[in-house]
Amino acid sequence: MTYAGDLTPGQTWYLLQDEPKTVLVDVRTAAELQYVGEPDLSALGRDTVRIEWLRYPGGALNDRFLDELAAAGVTPETPVVFLCKTGVRSVAAAEAATAAGYARAYNVLGGFEGPLDGSGHRGGVDGWKAGGMPWRQP
């Protein structure tokens with residue numbers, strides 16, 4: 001593994017609770033956040049940091065990702081957990097952060113929506129929403 005590891009949504013929530021300096025970074029596009037929803041960390045008195053891994057529209061890699069991470073106040077010593085739709089882009093973000101010196105860069109298993117279910121829908125099998133973690137629709 002080329003990053004600190006994978007966490008279930010529940011493990012992520014406990015890490016956010018137990019280590020207040022931990023940051024949850026949602027790497028989905030602004031369009032995804034708007035139409036699908038986003039984690040709600042208000043019970044912990046903080047917000048999710050939003051930094052696109054791939055730019056919308058077009059899907060180009062965000063070549064300023066690490067700069068934006070640093071600008072958000074995330075230091076290499078900060079525990080940081082990356083979240084995307086299904087856990088693919090967030091692995092890439094965790095790998096890039098680790099390569100840049102972030103020692104505690106994690107991925108949320110299943111992402112926000114999880115894999116497709118038997119009917120071809122997301123959100124009911126795995127991930128942040130299906131795991132019962134707090135979320136909101138903007």
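Which residue lies over the face of phenylalanine 112? I looked it up, keeping in mind that this is a predicted model. It is arginine 28, at 4.3 Å from the ring centre.

**Entry 1: aromatic pairs.** I get a count of 4 aromatic pairs. I started with tryptophan 13 and tryptophan 128. Their ring centres are 6.4 Å apart and the planes stand at 65 degrees; over 60 counts as edge-to-face, so that is what I call this pair. I then checked where the two sit: tryptophan 13 is in helix H1 and tryptophan 128 in helix H5, 115 residues apart, so I noted a link between distant parts of the chain.

Entry 2: Phenylalanine 112 is in the loop between E6 and H5, while tryptophan 135 is in strand E7 (residues 135–136), so the pair ties together parts 23 residues apart in sequence. Are the two partners buried or exposed? Phenylalanine 112 is buried, at 0% relative accessibility, whereas tryptophan 135 is partly exposed, at 36%. Tryptophan 135 has a charge over its ring as well: the charged end of lysine 129 sits 4.2 Å from the centre.

**Entry 3: a ring cluster.** I also found Trp53, Phe65 and Phe82 linked into a cluster by ring pairs.

**Entry 4: helix H1.** Since tryptophan 13 is in H1, I went through that helix (residues 9–18) and found Pro9, Thr12, Trp13, Leu15 and Leu16 buried. Why do I say they line one face? Looking down the axis of H1, I see the buried residues fall within an arc of 160 degrees, so they line one face of the helix. Tyr14 and Asp18, on the other side of H1, are exposed. What covers the buried residues? My list includes strand E1 (5–7), E2, strand E5 (80–83), strand E6 (105–108) and helix H5 (127–130).

**Entry 5: threonine 29.** Last, I checked threonine 29, which I placed in the loop between strand E2 (23–26) and helix H2 (30–36). At 9% relative accessibility, threonine 29 counts as buried. Which residues does it touch, leaving aside neighbours within four places in sequence? I noted contacts with Glu52, Leu54, Tyr56 and Arg89.

How values were computed:
Residues numbered from 1 in each chain as written. Predicted model: local features only at pLDDT ≥ 70, side-chain atom pairs only at ≥ 80, totals over all residues. Heavy atoms only, no water. Helix = DSSP H or I, 4+ residues; strand = E, 2+ residues; numbered from the N terminus. Buried < 20%, exposed > 50% of the residue type's maximum accessible area, 1.4 Å probe, protein only. Contact = heavy atoms within 4.5 Å. Arc of directions from axis to C-beta. Phe/Tyr/Trp six-rings, centres within 6.5 Å; stacked < 30°, edge-to-face > 60°. Lys NZ or Arg CZ within 6 Å of the ring centre and 35° of its normal.
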